[in-house]
Amino acid sequence: MLAQRPPMGWNSWNTFGKDINETLIFQIADTLVEKGYRDAGYEYLIIDDCWSLKERDAAGNLVPDPEKFPHGMKTVADYVHSKGLKFGMYSCAGILTCAGYPSSYDHEFQDAALFAEWGIDYLKYDYCNFPKNADCVNRYQTMSMALKTTGRDILFAACNWGSENSWNWMRSIGAHTYRSTGDIFDNFRSFMGIFQSQLEHLCQSGPYCFNDMDMLTVGMYNQGNVAIGKPCTDSEYRMQFSLWCLAGTPLIMGSDIRNIPPQMEQLLLNKELIAINQDPECRPPYLVGKRSVMVPEENTDEAIEPLRMVKDKLLTFIKHLSNQEFAIAYYNLHEEEQEMNCIFADVGLPYASGYGFDMTDVFTGEHIGIKRDYHIVSVPGHDCQLFCCRLVNCTTPEKQAGF
Ligand code: GLA
């Protein structure tokens with residue numbers, strides 16, 4: 001069964017845009033294996049837009065650009081598979097893809113059959129150049145069905161940017177993931193806006209159909225195709241990656257993983273963070289004490305769509321994990337350092353319960369110890385802190401030693 005947990009992988013768009021080719025894809029496949037990404041769970045290698053010629057062939061089939069992919073897509077798929085990875089490709093529900101290449105409107109069954117013949121395991125399905133009178137839900141339904149007729153297990157990664165309130169119907173039409181916002185760009189405001197705009201919808205995300213907040217920009221440092229705005233700092237990348245983990249959204253890397261610094265490799269490979277993302281219960285994070293303060297963003301000038309943001313700039317979350325474990329996370333959206341706290345009564349664990357949390361810092365691995373009643377941390381500007389927490393009975397010394 002596909003997408004029992006949020007899919008993980010790498011996609012070409014964020015860094016490379018149209019500059020893709022077989023050599024690059026082979027090198028990325030090698031890197032996924034050699035640097036340990038595959039073994040950490042990043043299994044899908046996905047080629048985004050700009051892989052084909054601008055015209056279909058005489059039989060109406062899509063044709064891989066022979067300059068970029070001289071041996072065709074089956075060869076690429078075979079190489080990716082030989083590395084123990086899965087192979088993803090891209091098409092679009094409209095007449096042309098976003099970059100102007102032929103796409104699958106009215107060719108759904110033909111294209112799905114071709115993709116299956118090449119051996120793809122994942123299809124990202126975009127929404128540009130969609131006929132105004134066509135029915136969005138029906139067309140996504142059609143490609144979902146077309147993929148099923150191939151008999152091959154192909155993860156259907158729908159990407160209509162949240163149009164037609166996609167969170168309400170994408171699961172019903174068979175999508176395994178659905179992109180819920182406009183495109184991410186490699187800056188703080190972009191990823192934070194995307195995360196906040198989806199907070200209200202994360203309860204409509206779970207096994208077999210996940211809300212997809214777009215590919216990560218972690219480690220790009222404003223190099224590449226979606227490099228717009230003020231470059232992210234390392235702590236902003238920590239915020240981005242850990243928010244994606246808390247949200248249980250797909251972890252699809254977008255940086256040039258052949259050349260990112262060690263601290264970014266460590267972040268993307270952090271086992272505890274990945275475990276939070278992949279937790280079997282797939283629960284959304286709970287925003288502590290800030291319900292119903294989502295407001296339309298004031299300045300929407302640069303926004304692709306109006307975002308709904310949390311008014312406050314200090315965000316504390318708790319995420320329930322399996323095995324009586326939890327993650328508590330603090331995000332400081334101010335430029336300056338702030339003191340933040342979590343009063344455990346606000347997450348259902350008052351002093352009178354007799355229980356506390358045994359806390360470990362997820363980024364440093366430091367064991368903080370048992371906290372009861374509340375927890376206070378100092379969080380630098382545009383940074384975060386995240387703790388794994390285990391319930392501990394604090395009433396007897398013996399019980400303090402273990403649960
Ligand atoms: C849209 C999608 C992006 C990317 C581009 C490719 O903008 O949202 O993720 O696939 O198209 O052209």
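**Note on the predicted model**

1. Overall make-up. The protein has 11 helices and 18 strands. Helices (H or I, at least four residues) and strands (E, at least two) are DSSP runs, numbered from the N terminus. The radius of gyration is 22 Å, close to the 22 Å that the globule rule gives for 403 residues, so the protein is as compact as a globular protein of that length. That radius is taken over C-alpha atoms, and the globule rule is 2.2 Å times the number of residues to the power 0.38. The C-alpha trace spans about 75 × 45 × 40 Å along its principal axes.

2. Basis. This is a predicted model: local features need pLDDT of at least 70, side-chain atom pairs count only at pLDDT 80 or more, and totals for chains, interfaces and linings use all residues. Residues are numbered from 1 along each chain as its sequence is written, and side-chain values use heavy atoms, with hydrogens and water left out.

3. Burial. Of the 403 residues, 57% are buried. Buried means under 20% relative accessible area, exposed over 50%, and partly exposed in between (1.4 Å probe, protein chains only).

4. Ligand shell. The residues around the ligand are Trp 13, Asp 48, Asp 49, Tyr 90, Cys 98, Ala 99, Lys 124, Asp 126, Cys 159, Trp 161, Arg 179 and Asp 183. Each has a heavy atom within 4 Å of the ligand. By class, the shell holds 6 nonpolar, no polar and 6 charged residues. Here Ala, Val, Leu, Ile, Met, Phe, Trp, Tyr, Cys and Pro count as nonpolar; Asp, Glu, Lys and Arg count as charged; the others, Gly among them, count as polar.

5. A polar side-chain atom of Asp 48 lies 2.6 Å from a ligand oxygen. For Asp 126, a side-chain N or O atom is 2.8 Å from an oxygen atom of the ligand. For Trp 161, the corresponding distance is 3.1 Å. The protein covers 93% of the 310 Å² of accessible area that the ligand has on its own. Such areas come from the Shrake-Rupley method with a 1.4 Å probe; for residues, only the protein chains shown count as cover.

6. Strand 1. Both faces of strand 1 (residues 8–11) are covered. Met 8 and Trp 10 are buried on one side, Gly 9 and Asn 11 on the other. Strand 1 pairs in the parallel sense with strand 8 (residues 251–253) over 3 bridges. It also runs parallel to strand 2 (residues 44–46), again joined by 3 bridges. Two strands pair if DSSP finds at least two bridges between them. Trp 10 stands opposite Met 253 in strand 8, and its bridge partner in strand 2 is Leu 45.

7. An open sheet of 6 strands has the order 9-12-13-18-15-16, with antiparallel pairing. Its edge strands are strand 9 (286–287) and strand 16 (367–371), each pairing on one side only. Strand 12 (residues 314–320) is joined to strand 13 by 7 bridges, and His 320 has Phe 326 as its bridge partner. These two strands form a hairpin with 4 residues between them, and Asn 323 in the turn has a positive phi of about 60°.

8. Which strand is largely enclosed by the rest of the structure? It is strand 13 (residues 325–332), because 7 of its 8 residues are buried. Strand 13 pairs with strand 18 over 8 bridges; there Tyr 331 stands opposite Cys 384. Strand 18 (residues 383–393) also pairs with strand 15 (residues 355–361) over 7 bridges, with Arg 390 as the bridge partner of Asp 358.

9. Helix 7. Helix 7 (residues 188–198) is mostly covered, with 10 of its 11 residues buried. Among them are Phe 188, Phe 191, Ile 194 and Phe 195. At the start of the helix, a side-chain oxygen of Asn 187 reaches to within 3.2 Å of the backbone nitrogen of Arg 189.

10. Backbone points to check. Most residues other than glycine have a negative phi. Asn 129 has a positive phi of about 50°. It sits in the loop between strand 4 (122–126) and helix 6 (136–149) and is partly exposed at 42% relative accessibility. Asp 373 has a positive phi near 80°. Its place is the loop between strand 16 and strand 17 (374–379), and at 28% it too is partly exposed.

How values were computed: Polar contact = N/O pair within 3.5 Å; in protein donor to acceptor, adjacent residues only side chain to side chain.
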